[in-house]
Amino acid sequence: MLDETKYPVLSKIDIPAQIKELDLKQLKQLCKDVREYMVDTISEIGGHFGGGLGAVELTVAIHKVFNAPHDLIVWDTGHQAYPHKILTGRKEALKRIRRYGGISGFLKRSESEYDTFGAGHASTSISAALGMAVARDIKKENRKVIAVIGDGAMTGGIAYEAMNNSGLRKSDLIVVLNDNNMSIAPNVWQISNYFTEMITHPDYNKFKGQIWDLTGKLDTFGDRMRKIASRLEHGIKAVVTPGMLFEALGFRYFGPVNGHNVHQLIRIFEQVKDFKGPILVHAITEKGKGYAPAEEDHQKLHASTPFDKITGKAIKKAGTPPAYTKIFGLAMTDIVKNNPKVVGITAAMPDGTGLDELQKVFPNNFFDVGIAEEHAVTFAAGLATQKIIPVVSIYSTFLQRAIDQIIHDVALQKLHVVFVLDRAGLVGADGPTHHGTFDLTYLRMIPGMIIMAPKDESELRDMVYTAVEHCEGPVAVRYPRGSALGVPLKEGFEKIPVGKSERLINGEDVALLAVGSMVEYSIKAAELLKQNGITAEVINMRYVKPLDSEILDAVAEKFPKIVTLEENSLPGGFGSGVLEYFAKKNFKNDILRVGIPDKFIDHGTQQELHKELEIDPEGIAAKVKLFVGSKNIRREVFV
């Protein structure tokens with residue numbers, strides 16, 4: 001139970017309906033309580049932070065005015081929705097958010113009736129909300145539909161596709177733009193607030209409706225009067241508000257309003273909630289509001305591991321090797337230093353992908369295109385046509401959004417674009433929306449694609465170098481989230497021959513063919529197997545495509561039993577490629593595939609999830625021991 005003295009109002013709120021009973025003074029205290037509770041909790045366990053702090057008043061006002069879960073509130077991603085979780089019966093559960101067995105860090109329909117749409121990828125809220133609004137109309141229901149989207153998510157093209165469709169359909173829909181970019185100057189606020197108060201006031205809208213009806217009866221003269229009135233209203237809006245674009249898309253625009261004035265937010269939501277057609281309310285907020293370290297460094301505390309509550313500095317374990325992300329970023333800087341035709345491209349994640357290192361040293365060779373993965377890939381393709389070598393660094397899960405562009409714009413034209421996939425495999429606390437478990441499958445099917453996966457940070461550097469300097473056509477390099485292994489890094493780079501693997505351990509009983517993060521696990525599993533009298537040969541395959549046919553032929557001849565290991569979904573992955581090769585060669589070996597099963601994996605630490613799926617060293621050793629001991633030939637298709 002929450003401390004009533006520390007959180008006097010929040011401690012009494014279990015469902016949004018209780019918020020409706022609060023007066024303005026209590027609402028302001030509730031906002032203060034929610035913000036303090038977030039700081040107290042997330043500083044201890046980590047999580048997405050800055051966006052939620054900036055959305056506290058918005059969340060309270062929305063739940064004050066609208067009737068969730070009857071009214072449908074769609075949050076874009078989950079970064080801004082921690083206050084929503086706190087106010088919808090999950091304040092105690094917040095203490096285990098993103099932890100194994102705890103609640104998700106994103107919206108999840110199976111978690112709460114208040115989470116109307118699951119979302120971990122940005123820019124989807126308006127499309128989903130429009131679908132719900134149209135469904136409401138088909139079923140002739142009486143309920144409001146509200147989408148809450150951040151300004152960052154508005155860089156995604158799907159948001160504008162949805163707005164365009166909404167404007168054409170004219171369904172009743174309210175979009176709340178949570179704008180924490182601070183792009184509106186302070187002296188604009190009072191004018192905008194006054195204008196917004198005017199155009200949302202019931203008397204104004206009643207008068208406007210009467211004039212519209214009257215002029216409709218005056219034939220040609222009335223039509224001219226309507227056009228003049230419409231132009232006057234739109235002209236004023238275009239001058240004193242940034243809403244001209246939204247109006248052009250068919251939305252009635254209101255704002256900008258102070259997103260931290262809960263009284264003003266409640267009043268404007270009350271005024272627009274019964275308006276017909278698509279409505280956009282533009283709220284200006286500050287990311288990290290109410291917590292000084294987050295206000296001062298918005299990117300740093302967007303999401304964080306546990307941190308010191310006073311300073312905001314992350315609590316790090318001593319002696320931890322640098323992250324793979326950092327290693328990649330520094331490698332890119334070294335590569336560009338020697339080849340100025342190489343550029344780095346990211347989709348709103350310079351820090352998350354390590355390209356912030358390149359941005360600092362070579363800003364002219366760095367491009368952040370916003371949350372626009374499709375554009376990032378085709379932009380890279382355009383660069384490649386002019387002999388520039390683009391390195392597109394995007395999380396594995398987000399690159400899924402650009403599969404068509406990879407195939408049509410890059411691979412079909414045999415353009416030399418390098419894709420570097422951060423967070424490949426199980427990412428841990430962010431869960432199923434962010435696990436990078438499908439990239440080997442969706443990339444392996446593309447003709448001409450070269451795919452690499454390093455066993456450690458030294459090999460990562462060499463693979464990026466090889467992909468940039470010694471390959472043609474599309475190339476992909478995938479690496480896992482988290483700290484690297486801590487192996488020494490040599491000066492400079494070394495080319496890794498395309499399609500060539502390396503034998504790490506000689507064995508006689510079984511062959512372990514591993515890629516990427518599974519190489520280190522296979523080495524440890526081989527040590528455990530040795531204690532049970534089983535000698536395993538461990539091979540770092542390096543390339544998922546093309547496969548090393550020479551080593552596969554040799555392994556097929558030497559070992560009746562072969563195991564493939566990957567941190568990717570088993571259908572269509574590395575193991576499938578090996579099976580296809582063996583089928584083509586008519587080899588009859590007994591093959592066991594170890595990897596991620598054909599299902600979505602929940603959140604938890606990477607170690608916890610590896611153990612659950614039995615793809616950690618102990619799990620691998622147990623599977624291999626059972627496999628080697630079996631007498632019947634069995635081709636494991638999905639494990």
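A: Helix 3 and helix 11 lie oblique to each other, because their angle is about 40° and angles under 35 degrees count as roughly parallel, over 145 as roughly antiparallel, 65 to 115 as roughly perpendicular and the rest as oblique. Axes are lines fitted to C-alpha atoms, for helices over the stretch in contact, and angles run from 0 to 180 degrees between N-to-C directions. Helix 3 contributes E57, L58, V60, A61, I62, K64 and V65 to the contact (heavy atoms within 4.5 Å), and helix 11 contributes V262, L265, I266, F269 and E270. Of these residues, nine are nonpolar, none polar and three charged.

The model is predicted: local features need pLDDT of at least 70, side-chain atom pairs count only at pLDDT 80 or more, and totals for chains, interfaces and linings use all residues. Residues are numbered from 1 along each chain as its sequence is written, and side-chain values use heavy atoms, with hydrogens and water left out.

Now the strand. Strand 13, residues 475-478, is covered on both faces. Strand 13 runs parallel to strand 11 (residues 418-422), joined by four bridges, and V475 is the bridge partner of V418. Strand 12 (residues 450-452) also pairs with strand 13 in the parallel sense, over three bridges; there A476 is the bridge partner of I451. Pairing requires at least two bridges found by DSSP.

Methods: Helix = DSSP H or I, 4+ residues; strand = E, 2+ residues; numbered from the N terminus. Nonpolar A, V, L, I, M, F, W, Y, C, P; charged D, E, K, R; others polar. Buried < 20%, exposed > 50% of the residue type's maximum accessible area, 1.4 Å probe, protein only.
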